[in-house]
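Hello,

Here is the structure we spoke of handing over. My notes follow it.

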Amino acid sequence: VIRSHQVPKDGKGYEYHHNGRCITVFSASNYCGSQGNQGAVLLCAGDTYAQQGPRPSEHMAPAWPQLASVLAAVSFDAPQAERQLAASRAEANIHTPMGAVNSLSVQGPHQAPPWPQQQQQQQKQPQQQQQQQKPSPGLSALQQIEQFAAEQIVRHKRVLFVELASRDPQHHSIMPMAVWQACMAKILPEVPPVWQELARQWELPAMVQYVEFLHRFQIVEQLSSSSSTTHTDVFKAMGQLRIVISDIAAHDLLASADGDFNGSVSLEEFQGFLQAWKIQIPVWQAAAVYEGLVWSLKNQPNVEDILLAVALISRSGETGKNEVDANGINWQDVAKGVGETIMRASGGGSLVGFFRSCDVDRDGFLSPDELLAKLGDMLPRMGKQYTEEQLRTLVQHMDSQGVQNDRVSLIEFLRALGPRSLARELAGALLREVLKPIYFYRMMLEAYFQRFDPGSNNMVTVAQFQQGLQEMNRQLVADGGTELSEYQLQAVVEIASGNQPQVHYRAFLRALRVVDTVKRAGLVSLGQHSLWSFFASK
């Protein structure tokens with residue numbers, strides 16, 4: 001069987017499946033201008049086909065401007081040798097992230113790939129030998145690799161997170177550059193091994209905050225015709241919520257999160273909690289966040305769970321100043337240890353309950369004296385292990401988790417003492433992107449929606465769009481992926497439709513992009529600064 005309509009996973013122009021009984025051939029090289037793949041055609045001729053099967057011949061077509069100049073210089077009526085030479089020269093100037101170009105026009109008839117038995121033998125070549133065959137990329141090639149790597153990071157973000165987290169047993173969300181490089185190379189072997197160069201391109205520090213790194217690569221929907229179609233960065237929005245409520249009295253927070261005061265927080269109460277603090281997350285995207293919190297907390301959340309989760313959510317790890325003092329004491333570690341001790345000493349009680357028991361004057365905050373007195377009563381060993389001055393440094397560390405004003409709020413307390421393991425679970429949940437499968441199955445979805453669009457109006461109803469998403473879910477499962485939940489599906493519909501009865505499906509699907517949000521923000525800032533400078537000079 002010879003098939004097409006799918007970019008081969010390894011970036012080649014063709015791919016074998018089912019022990020050689022099926023071949024994918026993809027003729028569009030550098031698909032969408034960003035995939036970096038080679039294109040291919042299959043040659044099926046006479047005795048050669050009978051003996052060796054179809055012979056793939058790969059190519060890398062130039063970009064349109066360069067192709068136009070080639071066609072202007074050499075016509076189709078020119079002799080074959082002249083046309084081959086022109087093609088050879090054009091392809092020699094093309095750099096791809098997948099390596100050198102093997103082309104019929106450059107090298108004459110392509111050597112037919114082996115049948116499956118020969119393929120298996122070639123795949124056993126030492127990895128070092130295979131790597132030596134990859135050319136050293138130039139600047140333009142590195143930029144192409146960077147885009148290819150960004151797409152692979154988004155595609156495999158969950159697996160990358162699990163691998164990176166496994167190298168971080170203390171749950172600090174930070175690791176040395178060498179460990180980061182090893183993880184990236186292990187999980188993304190299809191990306192050329194230039195991680196050191198990519199790290200410089202991304203301006204990564206010697207100690208990499210890997211949650212923040214993974215979060216910077218996102219799939220965004222670039223339609224701007226309606227503000228309601230904007231895809232919300234929920235990680236950023238939840239971080240903003242933490243900042244907003246970081247200096248709010250405990251009783252006000254508890255009341256705003258648990259409207260009926262029954263102790264648990266329903267989806268509707270969670271959505272109301274976001275609205276009460278003016279955090280703009282659309283309804284179904286907020287529902288997907290709530291679902292992620294339930295998954296991380298492993299139960300129906302109560303109000304204390306929700307506040308603990310909000311306090312711990314972060315893209316950039318822990319905060320605090322002067323964590324290690326002159327005596328070598330790491331106050332972040334001490335605070336986490338205190339949190340664990342409190343939960344053990346209270347027989348499985350909550351940190352919120354401990355906070356409220358410390359709040360003698362019931363003002364919703366803890367003064368240093370209130371906190372020190374309770375810690376001394378409950379944890380007498382601390383009074384022997386640390387001086388009073390050192391314990392006050394611990395309280396200052398808690399206060400530094402939000403607004404530093406010589407009092408500790410509930411969110412500051414929870415952020416300082418909450419378990420790192422939960423913080424990591426929450427980060428993993430919020431790194432999941434509802435648009436990821438839409439992006440990677442966008443060609444299938446567009447073809448599916450065309451069935452409902454015989455007049456080529458590029459519009460389908462919401463019900464038809466949902467039907468396409470269900471079909472995508474079935475294919476996801478068949479491909480070994482994880483299907484989107486009902487909340488996540490509704491979030492996709494919300495993003496695509498802007499709460500309208502119809503979806504402009506083609507514009508939506510073609511507006512999806514994998515972007516480096518850090519670089520994009522830098523470019524926006526640079527543009528704004530240039531614009532400001534221009535008008536300031538007038």
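Which residues form one aromatic cluster? The cluster consists of Tyr448, Phe449, Phe452, Phe465, Tyr505 and Phe508.

Some conventions before the rest. The model is predicted, so local features need pLDDT of at least 70 and side-chain atom pairs count only at pLDDT 80 or more, while totals for chains, interfaces and linings use all residues. Residues are numbered from 1 along each chain as its sequence is written, and side-chain values use heavy atoms, with hydrogens and water left out.

Aromatic residues

There are 19 aromatic pairs in the structure; rings of Phe, Tyr and Trp (its six-membered ring) pair if their centres lie within 6.5 Å, and planes under 30 degrees apart count as stacked, over 60 as edge-to-face and the rest as tilted. One of the pairs joins Tyr448 and Phe449, edge-to-face, at 6.3 Å centre to centre with 80° between the planes. Tyr448 has 10% relative accessibility and so counts as buried, and Phe449 is buried at 0% (buried is under 20% relative accessible area, exposed over 50%, partly exposed in between, with a 1.4 Å probe and protein chains only).

Arg442 is placed over Tyr439, 4.0 Å from the ring centre, and Arg451 over Phe452, at 6.0 Å.

Helices

Helices (H or I, at least four residues) and strands (E, at least two) are DSSP runs numbered from the N terminus. Helix 16 (residues 303-312) packs on helix 22 (residues 410-417) at about 70°, the axes being 8 Å apart; axes are lines fitted to C-alpha atoms, for helices over the stretch in contact, and angles run from 0 to 180 degrees between N-to-C directions. The two are therefore roughly perpendicular (65 to 115 degrees; under 35 is roughly parallel, over 145 roughly antiparallel, the rest oblique). Leu307, Leu308, Ala311 and Leu312 of helix 16 meet Leu410, Ile411, Leu414 and Arg415 of helix 22, where contact means heavy atoms within 4.5 Å.

In helix 14 (residues 267-276), the buried residues are Leu267, Glu269, Phe270, Gln271, Phe273 and Leu274. They pack against helix 12 (234-244), helix 13 (250-257), helix 15 (283-297), helix 16 and helix 27 (486-497). Lys278, which follows helix 14, has a positive phi near 60°.

Regards

Notes. A charge sits over a ring if NZ of Lys or CZ of Arg is within 6 Å of the ring centre and within 35 degrees of the ring normal.
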